[in-house]
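Okay, thanks for making time.

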Amino acid sequence: MSIHSHSHRSSLPLSFTSVKTAKDYRAMAEECAKWAREARDDDVSAPLLQLGQMWLDAASKLDGLPAAK
């Protein structure tokens with residue numbers, strides 16, 4: 001199963017396209033973590049966790065903080 005499958009795209013919240021605040025970015029990171037926990041294999045969960053980290057880094061940047069390591 002690909003992370004880019006149609007079922008994932010259609011299940012993205014509408015706010016995904018209009019993310020603007022650090023709070024929104026953190027919410028998307030939490031969604032990625034949730035999807036990673038639900039994934040059946042590492043080929044799916046690992047990229048989701050990486051994407052979640054990117055959302056957290058973006059939130060930190062908006063807050064004027066350094067990205068998490």
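Predicted model: local features only at pLDDT ≥ 70, side-chain atom pairs only at ≥ 80, totals over all residues.

The chain has three helices and zero strands, so read from the N terminus the order of elements is simply α-α-α. Of its 69 residues, 26% count as buried. And if you take the contacts between residues at least 6 apart in sequence, 46% of them join residues at least 24 apart.

Now, the packing. Which residues make up the largest nonpolar core? There are seven: Ala 22, Tyr 25, Met 28, Ala 29, Cys 32, Trp 55 and Ala 59. H2 gives the largest share, with five residues.

So how do H2 and H3 sit against each other? Their axes come within 8 Å and cross at roughly 165°. Anything over 145 degrees counts as roughly antiparallel, and that is why we call H2 roughly antiparallel to H3. The crossing where H2 passes H3 is left-handed.

If you want to find the contact on screen, look on the H2 side for residues including Tyr 25, Arg 26, Met 28, Cys 32 and Trp 35. On the H3 side, the residues they meet include Leu 48, Leu 49, Gly 52, Trp 55 and Leu 56. What kinds of residues are in that contact of H2 with H3? They split into 16 nonpolar, three polar and one charged.

Okay, two residues I'd like you to click on. One is Leu 48, which lies in helix H3, residues 42-62. Is Leu 48 buried or exposed? The cut-off for buried is under 20% relative accessible area, and Leu 48 is at 4%, so it counts as buried. Leu 48 and Ala 36 are twelve residues apart in sequence, and their C-alpha atoms are 5.6 Å apart in space.

The other is Ser 45, also found in helix H3. Its relative accessible area is 10%, so Ser 45 is buried too. What does Ser 45 touch, leaving out residues up to four places away in sequence? That would be Ala 36 and Ala 39. So Ala 36 turns up again here, as a residue that Ser 45 touches.

That's my tour; happy to go back to any of it.

How values were computed. Residues numbered from 1 in each chain as written. Heavy atoms only, no water. Helix = DSSP H or I, 4+ residues; strand = E, 2+ residues; numbered from the N terminus. Buried < 20%, exposed > 50% of the residue type's maximum accessible area, 1.4 Å probe, protein only. Core = buried A, V, L, I, M, F, W, Y, C linked by side-chain atoms within 4.5 Å. Axes fitted to C-alpha atoms, helices over the stretch in contact; angles between N-to-C directions. Parallel < 35°, antiparallel > 145°, perpendicular 65-115°, else oblique. Left-handed = near helix turned anticlockwise from the far one by under 90°. Contact = heavy atoms within 4.5 Å. Nonpolar A, V, L, I, M, F, W, Y, C, P; charged D, E, K, R; others polar.
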